[in-house]
Amino acid sequence: MACKLKIASGRNSLVVYLLSWIYILGGVGVYAISTYTSNKYSAKAHLHYRSIQIIIFILTIFGIIALMMLNLLKFLDLITSLLGFIPTRWGVILIALVLRPFLEKSVIWDSVVSFARVYEIMFGVIVMSLVAMLSWLPGIQSMQTRILFNEAFSRGLHISQILAGKREQS
């Protein structure tokens, strides 16, 4: 099954892959600019650092809105691209790990490490937010408790004996 994006005019040929790599390179570029400004300006010129962050954010939002206004980009394209970006990022990180002996000696390795750290944080937020949403549902809480204490329930553990401090006689 091939991915069809509206921005690629419904084609699923090389254009989709080219647009995906442009999206990835754009994200890496924004990340590189943000990392560079963080290293250069965050300690001494905090105002410059925040202003560059605001400019990057505003330009990204304006770019997305402009593409949507020109009917080149649909909201579903953004969601599809973000979902496709998750395994692609993982693949890029694994490729970087394979090339680790060569990359450790270069300037790129620090960016790869921080890129992987951000990926892990984002993936953890996604997973934990789903777990949090499920735990707030009314029936899930009792099922969660039942699963956690299933072994204790199946052994016939009596809490009153534990609270009273009585030991079982063998």
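**Entry 1: the salt bridge**

I found that Arg 100 and Glu 104 join their side chains in a salt bridge, with 2.9 Å from N to O. I note that the model is a predicted one. My search of the whole structure gave one salt bridge. Side chains of opposite charge can pair when their charged atoms come close.

**Entry 2: the aromatic rings**

I looked for ring pairs and recorded two aromatic pairs in the structure. Tyr 119 is buried, with a relative accessible area of 7%, whereas Phe 123 is partly exposed at 38%. I also noted that ring pairs link Trp 90 with Tyr 119 and Phe 123 in a cluster.

**Entry 3: the second largest pocket**

I recorded a volume of about 490 Å³ for the second largest pocket. Its lining has 20 residues, and those closest to the centre are Val 28, Ile 108, Ser 111, Val 112 and Phe 115. Two or more lining residues come from each of α1 (14-41), α3 (75-98) and α5 (108-136). Which element gives the most to this lining? I found that α1 does, with nine residues. By type, I listed the lining as 16 nonpolar residues, three polar and one charged.

Technical notes: Residues are numbered from 1 along each chain as its sequence is written. This is a predicted model: local features need pLDDT of at least 70, side-chain atom pairs count only at pLDDT 80 or more; totals for chains, interfaces and linings use all residues. Side-chain values use heavy atoms; hydrogens and water are left out. A salt bridge is a side-chain nitrogen of Lys or Arg within 4 Å of a carboxyl oxygen of Asp or Glu. On a 1 Å grid over the protein atoms alone, a cavity is a set of points where a 1.4 Å probe fits but cannot get out, and a pocket is an open set with protein on both sides within 12 Å along at least five of seven lines; lining residues have an atom within 4 Å of a point. Grid points are joined across faces, edges and corners, and a volume is the space filled by probe spheres set on the points. Helices (H or I, at least four residues) and strands (E, at least two) are DSSP runs, numbered from the N terminus. Ala, Val, Leu, Ile, Met, Phe, Trp, Tyr, Cys and Pro count as nonpolar, Asp, Glu, Lys and Arg as charged, and the others, Gly among them, as polar. Rings of Phe, Tyr and Trp (its six-membered ring) pair if their centres lie within 6.5 Å; planes under 30 degrees apart count as stacked, over 60 as edge-to-face and the rest as tilted. Buried means under 20% relative accessible area, exposed over 50%, partly exposed in between (1.4 Å probe, protein chains only).
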